[in-house]
Amino acid sequence: MKNFVRLLLCLSLSVFAVARAVSPAKALSKTAKTAQKKETGQKADAKTLLHDAKKATAAMIKNARSDTALDPKRPKNKPFWKSVHLVAKNLKTAETGLASKSNDFFKGIADAREAEEQLKVDWQLTDSKNKKVIDNGKKLGHALAILRTDFSKEAERKKKGGDLTAQEKAQFEKIKGQQKDLLAKIKKLEGEAKKDKALEKGLAELKKQANHILKEPATVDAYIATLYLLDVQIGLIRGYEYYVDKDWRADWVVLENIEKTYETNYTEWETSVSYDWNEVNTSVDIYEGEDVDVTESVSEAEINSEDSYAENESFDMSEAEEDEVAAEEDTDEEVASNEEDSMEDASDDKGEDVSDDDGGDDAGDDSGGDDSGDDGGD
């Protein structure tokens with residue numbers, strides 16, 4: 001069952017665009033097929049996967065820097081580069097944490113996962129068709145998804161099983177309360193985003209996720225699946241910030257404040273859960289569709305060099321540049337329909353919102369905080 005969940009997460013988190021919303025029936029059907037994927041015979045432990053993630057990031061940066069169309073000084077490319085900066089920074093934190101066996105390892109991986117999700121959204125703003133950047137971004141996503149779902153305190157808690165603790169139940173209820181607040185804010189934003197197809201798509205995905213979380217049962221499996229899903233949700237909120245027009249940007253900040261509150265609460269849980277550090281030395285199976293190997297030549301010196309570039313280069317945006325990017329995105333049809341160049345997996349349709357529990361009947365209600373209704377996504 002652990003491998004089943006990981007397969008869902010790896011596939012759902014490996015693409016450079018927000019996958020279209022699907023009904024729960026379709027998601028379950030697709031994830032059932034995913035569970036039948038074959039092992040490749042490859043295995044990797046935490047240290048190996050972390051190096052794979054760093055190598056994929058370096059290859060992505062190397063190819064992007066050699067592409068003049070992805071010049072980091074162009075305003076529409078800056079959100080992508082800012083996301084790359086966050087990925088590199090958080091991988092470095094994770095590497096330090098793994099060496100010292102501290103919570104920095106878990107924080108670094110979780111934050112890198114959020115940044116990688118943000119990167120997928122911001123990539124769409126570039127209108128780039130650079131296949132090498134996309135391919136390496138996909139491998140980065142695979143490596144991070146496996147690290148997150150096999151070498152985390154969540155994975156350890158899931159393995160332990162049993163009932164939710166009083167603290168976990170309270171935390172789950174807090175999360176659901178935050179999701180209700182999120183739905184209320186999204187309802188207001190939907191009216192303002194009617195002329196922005198790409199942003200509408202993002203809001204629909206956030207709405208779908210929030211409604212699903214509200215229906216999750218009070219079980220360990222559902223709780224852990226929700227924590228993984230929140231990585232995605234936080235990344236989407238941060239990524240779509242650059243799509244928001246100046247006149248209602250203040251409304252979007254409210255969404256970001258909701259996710260900041262969640263992160264504060266999550267830290268309380270994470271610091272209270274123990275971890276057996278022997279687990280990081282355990283090699284896990286790599287399945288078909290989870291390719292993490294970078295095929296092009298990238299030396300250790302290049303990994304360090306590209307990492308240093310991403311960390312130290314300035315990708316700051318002025319308010320005028322933010323306004324320019326948001327205004328240009330409104331009329332850029334490629335941003336909303338750039339699925340072909342997102343390298344979306346054929347079997348990928350957002351399987352991350354399916355926990356191991358059958359009790360979480362997701363009716364897919366998109367009407368708001370209400371727990372009933374039919375699915376808004378097709």
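**Helices and loops**

Guide: Helix H4 (residues 78–100) packs against helix H12 (residues 300–312) at an angle of about 120°, and their axes are 8 Å apart. Helices here are DSSP runs of H or I of at least four residues, numbered from the N terminus. Axes are lines fitted to C-alpha atoms over the stretch in contact, and angles run from 0 to 180 degrees between N-to-C directions.

Visitor: Which residues in H4 and H12 meet?
Guide: From H4 there are Trp-81, Val-84, His-85, Ala-88, Lys-89 and Lys-92, and they meet Asp-307, Tyr-309, Ala-310 and Glu-311 in H12. Contact means heavy atoms within 4.5 Å. By class, the H4 contact with H12 has five nonpolar, one polar and four charged residues. Ala, Val, Leu, Ile, Met, Phe, Trp, Tyr, Cys and Pro count as nonpolar, Asp, Glu, Lys and Arg as charged, and the others, Gly among them, as polar.

Visitor: Where does the model come from?
Guide: This is a predicted model: local features need pLDDT of at least 70, side-chain atom pairs count only at pLDDT 80 or more, and totals for chains, interfaces and linings use all residues. Residues are numbered from 1 along each chain as its sequence is written, and side-chain values use heavy atoms, with hydrogens and water left out.

Visitor: OK, new topic. Is Phe-172 buried or exposed?
Guide: Phe-172 counts as buried, because its relative accessibility is 2%. Buried means under 20% relative accessible area, exposed over 50%, and partly exposed in between (1.4 Å probe, protein chains only). Phe-172 is found in helix H8 (residues 166–192).

Visitor: What is Phe-172 in contact with?
Guide: Leaving aside neighbours within four places in sequence, its contacts include Leu-164, Pro-217, Tyr-223 and Ala-222. Phe-172 and Ala-222 are 50 residues apart in sequence, but 9.5 Å apart in space, C-alpha to C-alpha.

Visitor: And how many residues of H9 are buried?
Guide: 15 of the 19 residues of H9 are, so H9 is largely enclosed by the rest of the structure. At the start of H9, a side-chain oxygen of Asp-196 comes to within 3.3 Å of the backbone nitrogen of Ala-198.

Visitor: What about phi in the loops?
Guide: Most residues other than glycine have a negative phi. Lys-101 has a phi near 55°, a positive value in a residue other than glycine, and Lys-101 lies in the loop between H4 and helix H5 (104–126). Asp-127 also has a positive phi, about 60°, and is found in the loop between H5 and helix H6 (131–150).

Notes
Helix = DSSP H or I, 4+ residues; strand = E, 2+ residues; numbered from the N terminus. Polar contact = N/O pair within 3.5 Å; in protein donor to acceptor, adjacent residues only side chain to side chain.
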